[in-house]
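Trainee: I would like to learn how to read surface patches and helix faces from a set of coordinates. Could we work through an example together?

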Amino acid sequence: MKKSIIIGLQIGFWLCYLVLTVILVYLSVGSEDNAVVEQATERAFYFATVPSVISYYSFYFLVFPKIRQKKILLSITYALGFAIGAALIGNVLIYAFLGIDSLTGAQESITVGIVFISFVDFIVGVVALVTKGFITWYEELKVKEELKQKNHEMEMALVKSQLDPHFLFNTLNNIDILILKNAEEASTYLNKLSDIMRFMLFETKTDTILLTKELEYIEKYLALQKIRTANERYINYQVTGSPNGKEIAPMIFLPFIENAFKHTSNKKIDNAITIHIFIEEGSIRFECNNKFNRNRKVTHMNNGLGNTLIEKRLALLYPEKYTLNVVKEKEEYKVRLIITQ
């Protein structure tokens, strides 16, 4: 939400509050004596307005975060403490600025006044919580819409990347050749290709998926890439740790793997592409290194998913919970991504 709108909401509330306070002062005084009205107005300022401001912003900045953290008992304690404390501060201000004579009267009257202002401060604090809650809801709604748009852009980019004619034709041609040699194995690879397409088009609509499914998809993708070379050590893929019970946003790692294959031209090199996924208690670490020929001209720079879009999606999915390092050396490209959970 724009700052101007947030400021406008604040100003609107306080204007309404001040107008209501002035009306109540005039109604309660019941006198046309300017001196009496002025003194009543000053009392209302110190005993009502200032404590309400303190209570409002205490609830806004301090109580609301506790509610968001679902610390209900602590939130109630804070709320009551701020409301009563603000009322007492108003009492002290009257003594400090208007003198001891302004506090003369029955002890019961002063106590009732403090209780009443505490109640008013609590109501004002509730209004602050509602305001902050609305602003937070609106901002989160915008983030979700932006994430949805980025996911859509990513899906479109992945469709163009994974289902481009070169990938499909090369894979299908390899499977076609394999049919003559080993029909059963060719059928297995064809099923893998079908699973990849189904996964990409249908199973990535949710915000998160099981990490086991994501790893299965990566393994099938790598298997299809392996049939394009006779070098069995072309790809080095390892997973360390147990993925059971863990979830992750779909297709987080695949764009980096795709880029590795696109920029690795020599399939005869051992460990031309190295992928290692470390699954730990509170984090998942992804490392992908690929060797490339720096003299080779890349003819498909616009294919695949750009690093800018990848990082934007990561920032939306895992704000302040990821670390991405991309290093391009003389003949090796290194990606290191850590996601904390």
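Trainee: In which helix does Ile5 lie?

Mentor: Bearing in mind that this is a predicted model, Ile5 lies in helix 1.

Trainee: Is Ile5 buried, partly exposed or exposed?

Mentor: The class follows from relative accessibility, where under 20% is buried and over 50% is exposed. Ile5 has a value of 44%, and therefore counts as partly exposed.

Trainee: Which residues form the nonpolar patch on the surface?

Mentor: The patch is formed by Ile5 together with Leu9, Phe134, Trp137, Tyr138 and Leu141, and the accessible area of these residues together is about 550 Å². Two elements, helix 1 (3-29) and helix 4 (107-162), each give two or more residues to this patch, and the largest share, 4 residues, comes from helix 4.

Trainee: How should I read the faces of a helix, and which residues of helix 6 are buried?

Mentor: An α-helix has 3.6 residues a turn, so residues three or four places apart point the same way. In helix 6, the buried residues are Ala186, Tyr189, Leu193, Ile196, Phe199 and Met200; because they cover an arc of only 150° around the axis, they sit on the same side of helix 6. The face turned away from that buried side carries the exposed residues Glu184 and Phe202.

Trainee: What span does helix 6 reach, and which residue caps its N-terminal end?

Mentor: Helix 6 comprises 20 residues, 183-202, and its first and last C-alpha atoms are 28 Å apart, close to the 28 Å expected at 1.5 Å a residue. The N-terminal cap is Asn182, which has a side-chain oxygen 3.3 Å from the backbone nitrogen of Glu184.

Notes: Residues numbered from 1 in each chain as written. Predicted model: local features only at pLDDT ≥ 70, side-chain atom pairs only at ≥ 80, totals over all residues. Heavy atoms only, no water. Patch = residues over 30% accessible without salt bridge, like charges linked within 9 Å, V, L, I, M, F, W, Y side chains within 5 Å. Areas by Shrake-Rupley, 256 points an atom, 1.4 Å probe, with all protein chains shown as cover. Salt bridge = Lys/Arg side-chain N within 4 Å of Asp/Glu carboxyl O. Buried < 20%, exposed > 50% of the residue type's maximum accessible area, 1.4 Å probe, protein only. Expected span 1.5 Å × (residues − 1). Arc of directions from axis to C-beta. Polar contact = N/O pair within 3.5 Å; in protein donor to acceptor, adjacent residues only side chain to side chain.
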